[in-house]
Amino acid sequence: MATMLDVSLRAGVSKATVSRVLNGTGQVKESTRQQVFNAMEELGYRPNFLARSLANRTSNSIGLVVSTFDGFYFGRLLQQASRQTETHGKQLIVTDGHDTPEREEEAVQMLADRQCDAIVLYTRYMSEKAIMKLINSVKMPLIAINRDVSQARERCVFFEQQAAAFSAVEYLISQGHREIACMTVPIHTPTGKARLTGYRKALEKHGIPWDESRVKYGDSGMTRGYELCQELLNDKVVFSALFACNDDMALGASKALHQAGLHIPQDVSLFGFDDAPCAKWLEPALSTVYLPIDNMITTAIDQAIRLAKNEPIEAIPPFTGTLVLRDSVATGPWFDQNSSRASSS
């Protein structure tokens with residue numbers, strides 16, 4: 001069985017250089033790295049990562065805790081996290097926090113026990129105090145994604161949820177809509193609160209009174225979106241536009257509107273959030289907010305690895321959303337064509 005010494009002799013480098021290549025540490029020229037990999041392949045050398053992790057108290061891996069494995073959003077996140085971890089020559093170990101702070105904390109501790117070099121935590125419900133406790137107590141560096149932790153801005157990668165929701169609703173207002181209904185994602189999460197606040201502030205800016213009857217509190221699912229839209233219709237709430245705080249609920253709402261004999265966007269304009277793959281395939285295609293989760297998880301992985309290497313890090317500016325305007329919004333009853341032209345010139 002080939003050993004690290006055999007690899008070093010075949011590659012014409014020192015054992016220390018082979019070790020640096022395998023551990024992804026130190027400065028090694030790309031040509032030297034390739035020599036080592038070629039020698040490993042020729043000799044059939046398979047490094048014993050378990051033994052190395054026990055000896056060095058590291059596993060050459062990055063741990064990732066996600067709230068759940070469900071949905072396209074986390075699929076995109078996991079795929080990009082895997083790619084980015086591989087570019088650093090490390091393995092990705094993923095575990096599910098089951099959408100509860102207690103289970104997420106247990107998952108972080110489990111990854112720390114496995115000697116992960118660093119840990120990235122995606123949490124929807126954990127309090128800022130609990131996140132800070134983990135940052136200060138877990139022996140491995142920890143980066144929080146999807147949360148703005150004011151006491152440790154350099155340890156978090158987050159998205160401006162409120163500003164994105166504000167922009168979406170303000171766009172509807174610019175198109176002549178003032179009677180705008182809203183379906184929230186879980187309101188006890190920071191994301192749910194921020195998106196609803198964005199909706200409220202857009203109304204306030206344009207002098208539109210808050211109407212509690214137009215706000216329905218959801219759970220992010222298609223079924224709930226369908227049910228909540230039915231409630232709006234059955235309660236005879238007047239609205240010319242509907243802002244759904246995620247695309248799944250917008251999809252459910254579109255079915256309820258269709259069954260009620262209403263046409264999108266002629267009768268009701270519909271705006272979503274997240275830019276799910278289904279959004280462009282709806283008929284008509286759904287206007288929504290693109291959330292750059294790929295860039296966010298890439299940044300989080302990079303920050304985590306810098307910390308693992310004891311390199312200095314700085315706070316990352318918040319990520320922002322982009323309005324994706326498709327076919328599900330028409331001009332509303334208060335559309336001022338001259339004003340719209342002036343604002344776009």
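Which residue of β4 does Leu121 stand opposite? Find Leu121 in the model, which is a predicted one, and look across: its opposite number in β4 is Ala144. These two residues are a handy way into the sheet. Strand β3 covers residues 118-122 and strand β4 covers residues 142-145, and the two pair in the parallel sense over four bridges.

Strands of a sheet pair through backbone hydrogen bonds, and the pairing can be either parallel or antiparallel. Here, five strands make up an open sheet with parallel pairing, and if you walk across it you meet β2, β1, β3, β4 and β5 in that order. At the edges you'll find β2 (91-96) and β5 (156-157); each has a single partner strand, so one side of each is left without a neighbour in the sheet.

Next, look for what lies against the sheet. Helix α12, residues 293-308, packs on it and touches β1 (61-66), β3, β4 and β5. Compare directions and you'll see that α12 makes about 165 degrees with β4.

Let's finish with some empty space. Rolling a probe the size of a water molecule over the atoms shows where such space is left. The largest pocket has a volume of about 520 Å³. Its lining consists of 25 residues, and the ones nearest the centre are Phe74, Arg124, Ser220, Asn246 and Asp274. Where does the largest share of the lining come from? That would be α5, with four residues. Helices α5 (71-87), α9 (190-205) and α11 (247-259) each supply at least two lining residues.

Definitions and conventions:
Residues are numbered from 1 along each chain as its sequence is written. This is a predicted model: local features need pLDDT of at least 70, side-chain atom pairs count only at pLDDT 80 or more; totals for chains, interfaces and linings use all residues. Side-chain values use heavy atoms; hydrogens and water are left out. Two strands pair if DSSP finds at least two bridges between them. Contact means heavy atoms within 4.5 Å. Axes are lines fitted to C-alpha atoms, for helices over the stretch in contact, and angles run from 0 to 180 degrees between N-to-C directions. On a 1 Å grid over the protein atoms alone, a cavity is a set of points where a 1.4 Å probe fits but cannot get out, and a pocket is an open set with protein on both sides within 12 Å along at least five of seven lines; lining residues have an atom within 4 Å of a point. Grid points are joined across faces, edges and corners, and a volume is the space filled by probe spheres set on the points.
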